[in-house]
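Me: Could you walk me through a few features of this model? I'd like the cut-offs along with the answers.

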Amino acid sequence: MQFHRVRQTFLQRLGRVPLRTVLVLPFVLQIVAAVGIVGALSAHNGQRAIDDLADQLLREVSHRIQQNLQAYLATPSAINRTNHSLVAQGLLRLDNLDQWEPHLLQQVQIYHPTILYIGVGNPQGEYRSGEQLEDFSLRINSARDETGFHSYGVDATGQRTGVKSVIPDFRLRQRAEYQSIAQSRQPLWTPVFTSLLQPTLLIARADPILDQKQQFAGFVIASFRLDSIGRFLDQLTIGKTGQAFVIDRQGKLLATSTKELPFRDLVQVRELLPASESRNPLTQATAQYLQQAGLIQPGVQTLRQTKLNIGQQSHYLVVLPFQDDFKLDWLIVVVIPESDFLTQIQTNNQITILLCLGSAGIAIGLGMLTARWMTQPILALNAAAKKIAQGDWQPAIAVQRQDEVGELAHSFHQMSQQLQQSFAEMASLNQALSSSKNQLATYNRRLEAQIAERTDALEQANRELARLATTDSLTQLANRRRFDAYLQQEWSHGLRSQSHLALILCDVDYFKAYNDHYGHQLGDECLQQVAQAIAQALQRSTDLAARYGGEEFGIILPYSDQAGAVQVAAAIQAAIQALHWPHAGSPLSAVITVSLGIASLVPSRSLTPADLIAATDVALYQAKTQGRDRYCVNTLS
């Protein structure tokens, strides 16, 4: 029974499919299935080739970066060993640092620009270093506990030219880095720090010098510019759009191939930039993934390779730890978009798709020709039936066959003649009925048009009456009735939402004197100008300006606190001052001025709108008593 129901359902749905489709579809499905399998195998093999190529490239690039880092960081070590050897041979002394200056200047010029400064210090708190800046200018830096730190300019002959900077409270032996060096018995790296004079990060290699009793006798130090690593990374070819960067175990960015500065400037200080906050989207997303995956933790000691998605794009990633014998622990990160390798694969896929479409097109064409030959007589009968349905009772049925299809065509022709006769009889009856319906419809349309016309006129009259009932005829602002209703409305809204409601009362200064001097006609014109200025000063559709009475105006400001109401009051005062409307009768000013009172509160059930009006009126009174042409605020508790 179950099989029978399934079979019936299948046959019913198959019966809805056009006959041509049923004949063509098997050919198309076979071609698409065969080409699809071939395409899938091709794509799979292509993806494996991409993965192998990306693996080789990532390993090669990361190990090349590792080798160059080792070479770069060997330079400070070699410099310190040289200077240590000079001390051991007695050619330079730690108790006479002046003799070091020519040697230090020569060294920084030799190793520029990878080395910023090279220095030497002793247990007496004396320090001397040679430094060459990015503009090739030379410096001699000198420090003593008694005099602090001094940086001197140096000319081409090595002679000091003057003091460039001074740090008077500099005490070498009190600094944490000096104490770390003095307590150590082997070379060490300082933490990475930013240069205040150069746009780069620095790391210094310090070697303590011990006397014959293995006591601390001084140290030599050389600082390495990490932007040298960035320039090397920038010159690498990492796919088409790949990136490489170096971070420490705290996720701080040390060097990158994107030319981004690995620090950010704060007030009088620079700080290291976390790679997860990089301005480069790919660097930022990669660093965030490393943090989430725990690949920055000290436990990661071997090369790690993985694949990650950034946005809608897949990327290959390799993380290679970089360490030395003196506690230097960094991570080399290389990331390459998968799209850099997909050009050939995409070309192959396009060719496969074109072959698939071509094969499917040929199969569809052959199937359609076959289906047309098989279904042509049936389609002719179908066309004739459609013509009859459209009212053509003389369809030409071009089916000249003697088989079952021919018999069907003959029977169809007889049926169409019988139907034509029946429909002709019904047509006369329908014509009489249609005439009656047309007359009734015409009368209904006329009646509906009259009703609609009178309804529109009545609605327009009601709207005009409502506007006149709430508008001041002189100033065209809202009248006192509209003011009271709107204040009550917004009070209720503020009570429900616990939002601020502010009110401003504005009074034209010495307006009676204006009427006495210019007459009431010009007084009305003055009030119109003031009302227009107030309306233009309001910025929000929810704010309402109304004529409160005489020369007094009220402004209701929903959702406005005291600061917002003060801004509106200042804007109103500025707009009225911009009118420059003359007022010869005012003892205060030659032009029209206004006094304003401001109050703002959050409506509560213990207060009423009248309390807000009274508080605003008090503020207006204060503005008048304090000399007018100003606004005052009444703060409600």
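Reply: Happy to. This is a predicted model, where local features need pLDDT of at least 70, side-chain atom pairs count only at pLDDT 80 or more, and totals for chains, interfaces and linings use all residues. Residues are numbered from 1 along each chain as its sequence is written, and side-chain values use heavy atoms, with hydrogens and water left out.

Me: Is Trp330 buried or exposed?
Reply: Buried means under 20% relative accessible area and exposed over 50%, with partly exposed in between (1.4 Å probe, protein chains only). Trp330 has 3% relative accessibility, so Trp330 counts as buried.

Me: How many aromatic pairs are there?
Reply: Rings of Phe, Tyr and Trp (its six-membered ring) pair if their centres lie within 6.5 Å; planes under 30 degrees apart count as stacked, over 60 as edge-to-face and the rest as tilted. By this rule the count is 10 aromatic pairs.

Me: What kind of aromatic pair do Tyr178 and Phe216 form?
Reply: Their ring centres are 5.9 Å apart, and the angle between the planes is 80°. The pair links distant parts of the chain, 38 residues apart: Tyr178 is in helix α4 (residues 176-183) and Phe216 in strand β9 (residues 216-225). Helices (H or I, at least four residues) and strands (E, at least two) are DSSP runs, numbered from the N terminus. The Tyr178 and Phe216 pair is edge-to-face.

Me: Which residues do ring pairs link into a cluster?
Reply: Tyr178 is buried at a relative accessible area of 7%, and Phe216 is buried at 15%. Ring pairs link these two with two others, giving the cluster Tyr127, Tyr178, Phe216 and Phe219.

Me: Which residues line the largest cavity?
Reply: On a 1 Å grid over the protein atoms alone, a cavity is a set of points where a 1.4 Å probe fits but cannot get out, and lining residues have an atom within 4 Å of a point. The largest share of the lining, three residues, comes from α9. The lining residues are Glu490, His493, Gly494, Ser499, His500, Leu501, Pro558 and Tyr559.

Me: How many disulfides are there?
Reply: A disulfide is a pair of cysteine sulfur atoms within 2.5 Å. Cys506 is buried, with a relative accessible area of 0%, and Cys632 is buried at 8%. By the distance rule, the number of disulfides is zero.

Me: Which residues does Thr471 touch, not counting those up to four places away in sequence?
Reply: Thr471 is in the loop between α8 (404-470) and α9 (480-497). With contact meaning heavy atoms within 4.5 Å, Thr471 touches Gln476, Leu477, Ala478 and Asn479.

Definitions and conventions:
On a 1 Å grid over the protein atoms alone, a cavity is a set of points where a 1.4 Å probe fits but cannot get out, and a pocket is an open set with protein on both sides within 12 Å along at least five of seven lines; lining residues have an atom within 4 Å of a point.
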